[in-house]
Amino acid sequence: MAAVKLLFVVQRPPYKSENPRLALTHALASQTAEIYMDDGDSVVPTVAFVGDGVLNAVKSQQAMKAYGVTSTESHIKGCLMTDVPVWVCKEDMERLGLKEDQIVTDAEDMGGADISTKFVSFADIQKEMDVVKHLLFF
Amino acid sequence: MAELTLGVFPSLVGSMSLDFSFKLAEAAIAKGHKVNMWLSGNAVMMAKKGQKAFKDYSHLEKRMKELMSKGMEITVCEACAEARGYHKEDVPEGMKRASMDWYLAKTVKTDRLLHIGGE
């Protein structure tokens, strides 16, 4: 019986790479992974956006209108709704001139979530890298 | 003997990372380890059988079959494959298709997970 902690670190910006979408969809897949696991086992993912990857968390994306695809914003909301923690690196937000009110923090328009996005320092993300069993770098 | 799971995302053509992943798997199996491989993103190119082995391009189908015959489990992301037009009937013999939760579940028991990122 084990609860395995995973950290998905996303460093690519949205849409020009498939990586952020794959990180989010893989993290969301933790919700159904139990069909392949022994009783009592589970995976506990956290998604952290760093570098240009913080752009994935910008609010009011118009991906469906512009590209005809779902936005990384909608996947982030999906994570929050399924209790997958979402972290955004504060230093990289500052570097890109982003304020907290420009970032997706809840899923109110999709039915609400019990958790919200956390703004954390890169040092906190590094600490998490040290404690998780597996690091998945997208 | 340990268990190694490789999450592999780069394409077969345009990058040598997929070639590297197979070489690594081969080395681990030669040392007696169990290897699982998850192919997702552009790495699902491997889910199309009958690719012609031009000498100008990487070609891994033969090596993949050899590794599977030595016990390596290879599973391809079903959604990534379908999105690229690779269907169930295209899959090389021995390769499985599953959703992403297969990969997540492997992280529980595997001793080491190596995530080889895509483009």
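A residue is buried if 20 or more other C-beta atoms lie within 10 Å of its own, exposed if 12 or fewer, and partly exposed in between, with C-beta atoms placed from the backbone. This is a predicted model: local features need pLDDT of at least 70, side-chain atom pairs count only at pLDDT 80 or more, and totals for chains, interfaces and linings use all residues. Residues are numbered from 1 along each chain as its sequence is written, and chains are lettered from A and ligands numbered from 1 in the order in which they are written.

**View 1. B:M72 in its loop.** B:M72 lies in the loop between α2 (61-69) and β3 (73-77) of chain B. Helices (H or I, at least four residues) and strands (E, at least two) are DSSP runs, numbered from the N terminus. B:M72 counts as buried because it has 23 C-beta neighbours inside 10 Å.

**View 2. Contacts of B:M72.** Neighbours within four places in sequence are left aside; B:M72 then contacts B:A25, B:I29, B:V35, B:M37 and B:L67. Contact means C-beta atoms, placed from the backbone, within 7 Å.

**View 3. The open sheet of chain A.** 5 strands line up as β4-β3-β2-β1-β5, with parallel pairing. Strands pair if DSSP finds at least two bridges between them. β4 (118-120) and β5 (134-137) of chain A stand at the edges, each with a single partner strand, so one side of each has no neighbour in the sheet.

**View 4. β1 beside β2 in chain A.** Strands β1 (residues 3-10) and β2 (residues 42-49) of chain A run parallel, joined by 8 bridges. A:L6 has A:P45 in β2(A) as its bridge partner.

Notes:
Contact = placed C-beta atoms within 7 Å.
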